Amino acid sequence: MTDDYRLLIVEDDPRIRMELSVFLESNGFTCTVPQRFDRLVEETDFSLFHLVLLDINLPGVDGFFLCRKIRAVTDVPVIVVTSRDTELDELMAMNLGADDFITKPYHPQILLARITSVLKRAYREKTADRDRVHCGSFDILLSRSTILFKGTETELTKNELRILCALQEHISEIVPRDELMTQLWNSDLFVDDNTLTVNVNRLRSKLAEIGLSDVIETRRGMGYLLSDNFAIDSSGRDNTGKDIAEKVKVDIDRRHR
Amino acid sequence: MNFWMFLRDRLIYILSQLVVLVFLLLFMYAFGNFSPAAAILFGILYFLGAAGPLLYEFRKKNRFYRNLLAAFDQLDKKNLVGELIGPPDFMEGEILYDLLRGTNKAYLDEINRYRRAQEEYRSYIELWIHEIKTPIASAMLTIENHGGEAQALLLEDLLRIEEHAMQALFYARSNSVEKDYLIQELSLQDVCFRSLRKNARLLIDNNVSVEASEINGSVFCDVKWMVYILDQLISNAVKYRCSGDSRIVFHSEDMPNETVLFLADNGLGIRPEELPRVFDKGYTGMLGRTHERATGMGLFLSKKLCGKLGLSLEIASGGEGCGTTAAIHFPKGSMTADVM
């Protein structure tokens, strides 16, 4: 998912520099960490990078100044990292052309999510259709809040649409309930446990009505799973092979945690 | 300044004048050159000569002291009274005037010394908090990378350290005379959602459901401060929830003069006798004492920060076990213009 993205990490604290590159590399990025910053802009070929992570409290150089200089030579996305967290700093960073702004101490997972979303915004969506999300044998049409299956559109409620999209982002992976909820909360859908169950069941029966049964599986005690291998033909072909593959993957995932 | 008191101060002078007058009259009588008319004329002239300067002096002093007292009564900062009145044209007044201005200056110098010390301390605290964030961030990354059994426990401690650091930062800010916030027009819903997203894990993990569909309108405030205040209110609602179905309802009301944001929970509530003290620094109440990690700082700080932003914060409760409602009042119109 994050293959082939190369990041430039501009950070003065050696420990953070090291741990950050270890963390990001373990999540599939390739990182470059310069040790000196005074001639950074002159000596870096920005065309090699997909994103710059820029700490603005650097010794000797003003990060805001650096940000402006980077912006002057390249369009590469920049995420500004700082421990100063006033509204003014944020405004200033944004005015200087930063794409996002995150304050220390950041939680690594949040940083990861921000990086992924900036990258997605900058690269993936330029080519892909923003509105149509491909999802196995059907498509989700975001702006119309419908799913398109075999030429017919079925309307979804706002909640159902967001749940489906959240599951789609981790297609054929088990999404634990609380992670799914957190993700929904992040898109301003503040569902509680019961509401989630109700909505998922409603979504599931809606899908079943148009011939997409068993698209969303419930894994007891683990979470939900949107499989991408359903209804290749609607006759309900046996897909045990895929199930076994799924289980192996889940086991690996669990061990990984 | 009372005329009789003025005369009392000059009692010796008046008595001596009277004695002199009586002696003069006796003298004239003894030497026989005496006609009553001449005596009366002499007495009146003498009286005018002696009383005239007294009256003149009384008028002059009375005017000065009356001004001084009136100015003193009207002033908010009483120490500035010396700067407000004109210089008097008699000796005691000049001494008093110089003294007033002198003490005021000394007093202001003293205040400035403390203010500078306080500012220095505050900027040191802010610097320190920004410094401490780097090792916290670094520790979080290390935990994430190396995992291990202690991961979850250490992360929890780190989050607690972060929370305390943020509290110290906002405490320092709440005491500062500087305006280090940025007032903007914000969608109330955006601010609430931002805070809810931030507290998602806390609310989900504790199984608290949130109703936030009825938040409308825009308000003038600083996002970071407002989110911090909402964090405190949300964390209180979670901390003092009842077992069972916990719920926080956000809603706003649009009034002619203000927009009010309500946060109502169905938690443990507050006893009526404890309600007036919830904003006191360090006050935790009965529940706080039996509950985990009540510092008595959350509401105190929230109230103070609200005050600096020109907002008011109120807490109401139906009593023990009947939930708590917090209301933040965002004034509209002229007040908003003032803060800007």
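Mentor: Let's start where helix α7 of chain B meets helix α9 of chain B: V191(B), C192(B), R194(B), S195(B) and K198(B) in α7(B) touch V223(B), M226(B), V227(B), L230(B), D231(B) and I234(B) in α9(B). Contact here means that the C-beta atoms of two residues, placed from the backbone, lie within 7 Å. Sorted by class, that contact has seven nonpolar, one polar and three charged residues. (Ala, Val, Leu, Ile, Met, Phe, Trp, Tyr, Cys and Pro count as nonpolar, Asp, Glu, Lys and Arg as charged, and the others, Gly among them, as polar.)

Before going on, remember that this is a predicted model, where local features need pLDDT of at least 70 and side-chain atom pairs count only at pLDDT 80 or more, while totals for chains, interfaces and linings use all residues. Residues are numbered from 1 along each chain as its sequence is written, with chains lettered from A and ligands numbered from 1 in the order in which they are written.

Now the geometry. α7(B) covers residues 188-198 and α9(B) residues 223-239; they pack at an angle of about 55°, with their axes 9 Å apart. (Helices are DSSP runs of H or I with at least four residues, strands are E runs with at least two, and both are numbered from the N terminus; axes are lines fitted to C-alpha atoms, for helices over the stretch in contact, and angles run from 0 to 180 degrees between N-to-C directions.) That angle makes α7(B) oblique to α9(B). For the labels, under 35 degrees is roughly parallel, over 145 roughly antiparallel, 65 to 115 roughly perpendicular, and the rest oblique. The crossing of this pair is right-handed, so the near helix is turned clockwise from the far one by less than a right angle.

Now try another pair in chain B. Helix α2 (residues 11-30) of chain B and helix α3 (residues 36-74) of chain B pack at about 160°, with axes 11 Å apart. α2(B) and α3(B) are therefore roughly antiparallel to each other. The crossing of α2(B) and α3(B) is right-handed. On the α2(B) side you'll find Q17(B), L21(B), L25(B) and M28(B), and on the α3(B) side A39(B), G43(B), Y46(B) and A50(B). By class, this contact has six nonpolar, two polar and no charged residues.
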